[in-house]
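This report covers nonpolar packing and aromatic pairs. Where do the rings meet, and what surrounds them? The structure comes first.

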Amino acid sequence: MTERAKRAATHEAGAGLLSGLLPELAGSSSRIAAGSLLTVEHLSVADVAGILAMTTRLEQMDAAERARVLVGRTIALLFYESSTRTRTSFELAAKSLGATTTLVSDKSSSIEKGESLKDTGLTLRALGAEAIVLRHPSSGSASLLARVTGLPVLNAGDGMHQHPSQALLDLRTILLRLGRDASTVDAKSLAGITLVITGDILHSRVARSNAMLLPRLGARVVLCGPPELLPESALGLSEGIEGAGSIEIERDFGRALAQADAVMMLRIQKERLAGFDLDLAEFIERYQLSEERLAAASPNLLVMHPGPIIRGLEIAGEVADGPQSVIEEQVSQGQAVRRALLVRALGVTA
């Protein structure tokens, strides 16, 4: 990989890259609708507390009562990338609240014919969509869509930029599994907790969102991986991010695990590694979460993974299925948190 390409990749993984990726954004100054969730960067602790409190209220409702919360409302799911967990959990969350959903993918719509994101969004608005859940391969796409449509937009992953709902569900999973209050959070809710994030951090919107969010609630975040996947400045975390002092880099996975209350493994994103000189066998030897490494860590260590999992690469299958794994719980929490985000997006009181 050339030095120029490395700098470009690092820059995109840094904060707020909108210009140059989506030319349609230029000159677009429409107001972003209240209820949009584009990034965790602008979520205050009070915002997070409100979302998690709403999650608990909806979870405690009788199913029949919950199914009336968004009855008669229409939500569009606009997915330009393949997704199982995120798309399905947003869809099931919306339907459990009584909303009507429509799924639009790049393989079964005018997107395949070259229609722009802007025009697709305007079409969905004209057809009655009241909010849009977007996954897109370009950083800044969610902001573009929110500005040009004026609708509430929930960012379900935009390029290497952000995945805010994943960070919120990860937060709730950690709180619940550690026996902490998940309905009334504040700046000390994760005090004394260390989360280690390991793997392809350079390309991970999940790592970026978690590293921005969790320190605001008191957590210490340790990033671990080889320089190819974790350059010192890749995430730009010192650039105006509250709590950045609680984020560290540790190259030795064993030393990182020895400090951890929870470890989040990230898959190697082979689709983004063109031009990288990465030895997968060496990566497995140094950074795979194996049974041996897990046994040497705390017996209470939480094992996390946002999916999709590549068994035998970043994580051993036995570890993913083991008693310390909360991977399936993360999926369940995804639906719960996304219910609250949909209610918030549409401005409904529940």
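Helices here are DSSP runs of H or I with at least four residues, numbered from the N terminus. The model is predicted.

**Aromatic pairs**

Helix H10 holds both Phe 283 and Tyr 287. They sit four residues apart, about one turn of the helix. How many aromatic pairs are there by the ring-centre rule? The count comes to two.

| Pair | Centre to centre | Angle between planes | Class |
|---|---|---|---|
| Phe 253 and Tyr 287 | 6.4 Å | 40° | tilted |
| Phe 283 and Tyr 287 | 5.5 Å | 35° | tilted |

Why does the pair of Phe 253 and Tyr 287 tie together parts that are 34 residues apart in sequence? Phe 253 belongs to helix H9 (residues 253-258), whereas Tyr 287 belongs to helix H10 (residues 280-287), so the pair bridges these parts.

Ring pairs join Phe 253, Phe 283 and Tyr 287 into a cluster. Buried or exposed? Phe 253 has a relative accessible area of 2%, so it is buried. Tyr 287 is at 1% relative accessibility and also counts as buried. Phe 283 is buried too.

**Nonpolar cores**

In soluble globular proteins, nonpolar side chains tend to be buried together. The largest nonpolar core has 63 residues. Which members touch the most others? Leu 70 and Leu 342 do. Leaving aside residues up to four places away in sequence, Leu 342 touches Leu 70, Ile 75, Phe 90, Ala 93, Ala 94, Leu 97, Val 133 and Leu 154.

A second, separate core has 24 residues. Among them are Phe 253, Ala 260, Ala 297 and Val 319.

Notes:
Residues are numbered from 1 along each chain as its sequence is written. This is a predicted model: local features need pLDDT of at least 70, side-chain atom pairs count only at pLDDT 80 or more; totals for chains, interfaces and linings use all residues. Side-chain values use heavy atoms; hydrogens and water are left out. A nonpolar core is a set of buried Ala, Val, Leu, Ile, Met, Phe, Trp, Tyr and Cys residues joined through side-chain atoms within 4.5 Å. Buried means under 20% relative accessible area, exposed over 50%, partly exposed in between (1.4 Å probe, protein chains only). Contact means heavy atoms within 4.5 Å. Rings of Phe, Tyr and Trp (its six-membered ring) pair if their centres lie within 6.5 Å; planes under 30 degrees apart count as stacked, over 60 as edge-to-face and the rest as tilted. Helices (H or I, at least four residues) and strands (E, at least two) are DSSP runs, numbered from the N terminus.
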